Amino acid sequence: MKKIVFLGAPDKSHVLLLLGKLLAAMDYKVLVVDSTLAQTTQGYLPQEELRAPLYEFEGVDVACGFILYSQMERYLYQKANGMDYDVMLLDTDHTDLHCLFI
């Protein structure tokens, strides 16, 4: 799985969702992970989608609330079909990258 990390301003959340939709349109299986403290990706999603840590949005799986890779991996293996994604786009504001997903 390719991993792409975005670090910076909140506008990146919208860009990641759009990039995820473009990749999904190209038949990639995409996971967008919001690992920010503010969870800014949720501001672009329908409110009814915000109840679960993992949900599908316009062909893209979106995960929120996970800070460590191991947390998300454990959840996906328990609740979904594991980590079978072509691309993971990570939205983060953490500067200590060794504790994240890489």
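## A salt bridge and its surroundings

The side chains of K21 and E58 come together in a salt bridge, with 2.5 Å from N to O. This pair ties together distant parts of the chain: K21 sits in helix α1, while E58 is in the loop between β3 and β4 (60–64), 37 residues apart. Keep in mind that this is a predicted model. Here's a quick tour, starting with that pair and then moving out to the whole chain.

**The salt bridge**
- The structure holds 1 salt bridge, and K21 and E58 are the partners whose side chains meet in a salt bridge.
- K21 has a relative accessible area of 31%, so it counts as partly exposed.
- E58 is partly exposed too, because its relative accessible area is 47% and the exposed label needs over 50%.

**Elsewhere on helix α1**
- H14 is found in helix α1, which covers residues 12–25.
- With a relative accessibility of 34%, H14 counts as partly exposed.
- Now look across to L45: H14 and L45 are 31 residues apart in sequence, yet their C-alpha atoms are 9.9 Å apart in space.

**A buried threonine in a loop**
- T41 lies in the loop between β2 (30–35) and β3 (54–57).
- Is T41 buried or exposed? Its relative accessible area is 0%, so T41 is buried, since the cut-off for that label is under 20%.
- Leaving aside residues up to four places away in sequence, T41 touches S13, L17, D34, V62 and D91.

**Rings and charges**
- K29 lies over the face of Y85, and the distance to the ring centre is 5.1 Å.
- How many aromatic pairs does the structure hold? The count is 0.

**The whole chain**
- You'll find 2 helices and 5 strands in the chain.
- Going along the sequence, these elements follow the pattern β-α-β-β-β-α-β.
- The chain has 102 residues, and buried residues make up 40% of them.
- Take the contacts in the chain with a separation of 6 or more: 71% of them are between residues 24 or more positions apart.

Notes:
Residues numbered from 1 in each chain as written. Predicted model: local features only at pLDDT ≥ 70, side-chain atom pairs only at ≥ 80, totals over all residues. Heavy atoms only, no water. Helix = DSSP H or I, 4+ residues; strand = E, 2+ residues; numbered from the N terminus. Buried < 20%, exposed > 50% of the residue type's maximum accessible area, 1.4 Å probe, protein only. Contact = heavy atoms within 4.5 Å. Phe/Tyr/Trp six-rings, centres within 6.5 Å; stacked < 30°, edge-to-face > 60°. Lys NZ or Arg CZ within 6 Å of the ring centre and 35° of its normal. Salt bridge = Lys/Arg side-chain N within 4 Å of Asp/Glu carboxyl O.
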